[in-house]
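Subject: The structure I promised you

Hi,

Here is the structure we talked about, with my notes below it. Have it open while you read, and take your time.

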Amino acid sequence: MFAGAFFINNLLYGLNNWLPTFLTSYRGVSLTQSGMISSAIGAFSLIGAIGGSYLVSRFFQGKDKLVIIITSIIGSLLVFTSYFVHKPFIFIIVLGNSTLFLTLAFVTLMAIPMKLFEGQSFAPSYSTIASGGIIGGAVAQIVIGFLVERSGTFLTAFIYFFILGLLTSLSLVFVKLDSTKKA
């Protein structure tokens, strides 16, 4: 789960932090337009966090791992696809849906420790998993900067995002979730 948090946060932080640069330098939009696009995409993230977590708890109880695997694959596929979309409205829809799915994967992943651990084991377990996410968020900026600088194109960053989504899924395939809480 540490690895899953690392990969999903690497993707989300990298995408959120590099999106304005991508939009202004590659797509040629103004900073104001870039801010509006980023805000619109952020609304999808909010829907993914609130609405998605409600749906998971209501209809997919006990299927957290499957939800994360599916939503991270769909989200990473959509983020990769968004690179090739040049119409602003369609770009917002594609990348917005990507962040909706990826945020849903993230909140579902971060809710798992609350279901698995209690008492003295909760804080260290949650902290360990969250540390993976924090490290992933910090590493993202460096890796994406390196990839774009070396290749001269943002395509490498979008390929990286796609791979991160697949790695998120893969990292959870091997996690065994036992719903009985441990004290």
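Is glycine 62 buried or exposed? Keep in mind that this is a predicted model. Glycine 62 has a relative accessible area of 69%, and anything over 50% counts as exposed, so glycine 62 is exposed. You'll find glycine 62 in the loop between H2 and helix H3, which covers 64-82.

Next, have a look around H2. Leucine 55 sits in this helix, which runs over residues 31-59. With a relative accessibility of 41%, leucine 55 counts as partly exposed. Leucine 55 also belongs to a nonpolar surface patch with Tyr54, Phe59 and Phe60, and together the four have about 430 Å² of accessible area.

Alanine 49 is in helix H2 too. Its relative accessibility is 24%, so alanine 49 counts as partly exposed. What does alanine 49 touch, leaving aside neighbours within four places in sequence? The answer is Thr103 and Val107. The C-alpha atoms of alanine 49 and alanine 105 are separated by 8.9 Å, although the two residues are 56 apart along the chain.

Now for H3. This helix has 19 residues, which should span 27 Å at 1.5 Å a residue; the end C-alpha atoms are 26 Å apart, so the two agree. Several residues of H3 are buried, among them Asp64, Val67, Ile68, Ile69 and Thr71. What covers the buried residues of H3? The cover includes helix H1 (2-26), H2, helix H4 (88-116) and H6.

H6 has 19 residues and reaches 28 Å from its first C-alpha to its last, close to the 27 Å expected at 1.5 Å a residue. The buried residues here include Ala157, Phe158, Tyr160, Phe161, Leu164, Gly165 and Thr168. Some of that spacing is worth a thought: an α-helix has 3.6 residues a turn, so residues three or four places apart point the same way. H1, H3, H4 and H5 are included in what covers the buried residues of H6.

Not counting residues up to four places away in sequence, alanine 157 touches Ile144 and Val148. Alanine 157 and phenylalanine 80 are 77 residues apart in sequence, yet 9.1 Å apart in space, C-alpha to C-alpha. Isoleucine 163 is in helix H6 as well, but at 41% relative accessibility isoleucine 163 counts as partly exposed. From isoleucine 163 to leucine 78 is 85 residues in sequence and 12 Å in space, C-alpha to C-alpha.

A pair of aromatic rings is described by the distance of the centres and the angle of the planes. How many aromatic pairs does a search of the whole structure find? It finds 14. Take phenylalanine 22 and phenylalanine 154: their ring centres are 5.3 Å apart and their planes are at 70°, so this pair is edge-to-face. Because phenylalanine 22 lies in helix H1 and phenylalanine 154 in the loop between helix H5 (122-151) and H6, the pair ties together parts that are 132 residues apart in sequence. Phenylalanine 22 is buried, with a relative accessible area of 1%, and phenylalanine 154 counts as buried at 8% relative accessibility.

Then compare tyrosine 26 and tyrosine 83: the ring centres are 5.5 Å apart and the planes are at 25°, so this pair is stacked. This pair links distant parts of the chain, with tyrosine 26 in helix H1 and tyrosine 83 in the loop between H3 and H4, 57 residues apart. Tyrosine 26 counts as partly exposed at 37% relative accessibility, whereas tyrosine 83 is buried with a relative accessible area of 6%.

Finally, ring pairs link a whole cluster of residues, including Trp18, Phe22, Tyr26, Phe80, Tyr83 and Phe154.

Happy looking!

Note on methods. Residues are numbered from 1 along each chain as its sequence is written. This is a predicted model: local features need pLDDT of at least 70, side-chain atom pairs count only at pLDDT 80 or more; totals for chains, interfaces and linings use all residues. Side-chain values use heavy atoms; hydrogens and water are left out. Patches are made of residues with over 30% relative accessible area and no salt bridge: like charges are joined within 9 Å, nonpolar side chains (Val, Leu, Ile, Met, Phe, Trp, Tyr) within 5 Å. Accessible areas come from the Shrake-Rupley method with a 1.4 Å probe; for residues, only the protein chains shown count as cover. A salt bridge is a side-chain nitrogen of Lys or Arg within 4 Å of a carboxyl oxygen of Asp or Glu. Helices (H or I, at least four residues) and strands (E, at least two) are DSSP runs, numbered from the N terminus. Buried means under 20% relative accessible area, exposed over 50%, partly exposed in between (1.4 Å probe, protein chains only). Contact means heavy atoms within 4.5 Å. The expected span of a helix is 1.5 Å times one less than its number of residues. Rings of Phe, Tyr and Trp (its six-membered ring) pair if their centres lie within 6.5 Å; planes under 30 degrees apart count as stacked, over 60 as edge-to-face and the rest as tilted.
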